[in-house]
Amino acid sequence: MAAMIGSGQTIKTGLQPTLSHQRGHCRFYQTPISTLTTENWRRRRSITVASCSLHHNSENSLKSHCEKLVHEFDPEVPIEKALTPPSSWYTDASFYDFELDRVFYRGWQAVGYTEQIKEPRDFFTGRLGTVEFVVCRDEKGKVQAFHNVCRHHASILASGSGQKTCFVCPYHGWTYGLDGALRKATRITGIQNFNVNEFGLIAIDVAVWGPFVLLNLERKMSPDYDVGDNDLVENEWLGSTSELLKCGGVDTSLSYLFRREYTIDCNWKVFCDNYLDGGYHVPYAHKGLASGLELDSYSTTTYEKVSIQSCAGGSTERVGSKALYAFIYPNFMINRYGPWMDTNLVVPLGPRKCQVIFDYFIEPHLKDDKSFIEQSLIDSEKVQMEDIILCDGVQRGLESPAYCSGRYAPTVENAMYHFHQLLHSNLCM
């Protein structure tokens, strides 16, 4: 772009800033070579600067709005006197974006299972908020994770799961190794100031604990970090509960069976709240499940970022003698009962929509018992459908002008209160 000369003279320009193409938070036009008077150039430049300023002011305003909503909940009040978070936490679009940044883009997040990347060259993909990711096991057996975005023109690289020897962009054929390195950039003859070593895939920190694969979008580990170093993750993700979960049968000895996914018309926290009510809703909404549990024995204990609910089982083989329900903040649940373990990953999709991913595991001696597995899944599906109806109804109620905040049942809903306190802490960071 030529430098500006005196007033009224013309400037020859190749790419002229205007207001139709976004770069970051500022907007620019890109027009072909043309001639513009310096007066017009100045006018367009002032509009561009004003656009950037307005966007910045808008961002600050939304942040102030969300922070105000955060402080409408008081986590210091004893549960006996506390109000639940306001309905705006579950309905406000800007609050949803605020949560993604403060809750999901920080700390360790469960995203999958080691069974999905059991062999070299196995991979799976996913999305968390606006983050597209791919997890793979490279040729040397090392678990890797990257932003699933081509560095050329931002195309998504891979989809679904399976096996690959490399990631080839479907748009222009740029090719990356399973270690993230750029192996091939097509038709770039004449490109300048281009360092191939600087255009590999953007790495994401990945870790493995037991059968679970975790990502951390904010932290940067040493390149020599061992993803199997459980001690590092245990403290940050599970705190003091790792041994409790291991003793409760949460380990790698179970056989992975399959996955079921449910899209629910509710905010992600509605599903979590339902899970964390200490069995309060079970005798009313899940009569079949209730018949296999001794609900008088139900107990809840909260830890750093985990709550564990447990209950003695009845006579059914599916539930066994004891059921353990562990909630790992912010959105992961582990249910261990009888010979079964199922996990629930609650993925936020918008202010009033989430996806809940159920993965089922079973003790190896029963993995070929088709009739037992089939009947157990029928029972499980019934519970899920009952919960979906509840969560849908709660979301609709939260959007009603008749509701703002509710109350806690102090003897049973302490895990829910603990969840809200952890949320408040994150949202204030």
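Colleague: How many cavities of 30 Å³ or more are there?

Modeller: The count is 4 cavities of that size. Keep in mind that this is a predicted model.

Colleague: How much space lies in the largest cavity?

Modeller: About 380 Å³. The lining has 24 residues, and Y275, L289, Y325, V383 and D387 are the closest to the centre of the cavity.

Colleague: Which elements each supply at least two residues of that lining?

Modeller: Helices α6 (268–275) and α9 (370–398), plus strands β16 (293–302), β19 (332–337) and β20 (340–350). The largest share is from α9, with 4 residues.

Colleague: And how do the lining residues of the largest cavity divide by nonpolar, polar and charged?

Modeller: There are 11 nonpolar, 9 polar and 4 charged residues.

Colleague: Now N335. What strand is that in?

Modeller: N335 sits in β19, one of the strands that supply the lining of the largest cavity.

Colleague: Why does N335 count as buried?

Modeller: Its relative accessibility is 5%. The cut-off for buried is under 20%, so N335 qualifies.

Colleague: Which side chains make polar contacts with the side chain of N335?

Modeller: Two to look at. The side chain of Y275 makes a polar contact with that of N335 at 2.6 Å. The side chain of N344 makes another, at 3.1 Å.

Colleague: Leaving aside neighbours within four places in sequence, which residues is N335 in contact with?

Modeller: Y275 and N344 again, along with L324, Y325, W340, M341 and D342. Y275 and Y325 are also among the residues closest to the centre of the largest cavity.

Colleague: Back to α6. How many of its residues are buried?

Modeller: 8 of 8. The run is W268, K269, V270, F271, C272, D273, N274 and Y275. Note that K269 and D273 are in that buried list.

Colleague: How does the lining of the largest pocket divide?

Modeller: Into 12 nonpolar, 6 polar and 4 charged residues.

Colleague: Tell me about α10. Why do you call it largely enclosed by the rest of the structure?

Modeller: Because 11 of its 14 residues are buried. Among them are H418, H420 and H424, as well as M416. M416 is also one of the residues closest to the centre of the largest pocket.

Colleague: And what span should α10 have at 1.5 Å a residue?

Modeller: 20 Å for residues 414–427, and the end C-alpha atoms are 20 Å apart, so the two agree.

Colleague: What about α3, how far does that one reach?

Modeller: Helix α3 covers residues 93–104 and reaches 16 Å from first C-alpha to last, close to the 16 Å expected. It is mostly covered, with 9 of 12 residues buried. Those include F95, F98, E99, R102 and F104.

Colleague: Last one, the overall picture. How many helices and strands does the protein have?

Modeller: 10 helices and 21 strands. Buried residues make up 48% of the 429 residues. Of the contacts with a separation of 6 or more, 58% are between residues 24 or more positions apart.

Technical notes
Residues numbered from 1 in each chain as written. Predicted model: local features only at pLDDT ≥ 70, side-chain atom pairs only at ≥ 80, totals over all residues. Heavy atoms only, no water. Expected span 1.5 Å × (residues − 1). Buried < 20%, exposed > 50% of the residue type's maximum accessible area, 1.4 Å probe, protein only. 1 Å grid on protein atoms, 1.4 Å probe; cavity = no way out; pocket = protein on both sides within 12 Å on 5 of 7 lines; lining within 4 Å. Points joined across faces, edges and corners; volume = space filled by probe spheres on them. Nonpolar A, V, L, I, M, F, W, Y, C, P; charged D, E, K, R; others polar. Polar contact = N/O pair within 3.5 Å; in protein donor to acceptor, adjacent residues only side chain to side chain. Contact = heavy atoms within 4.5 Å.
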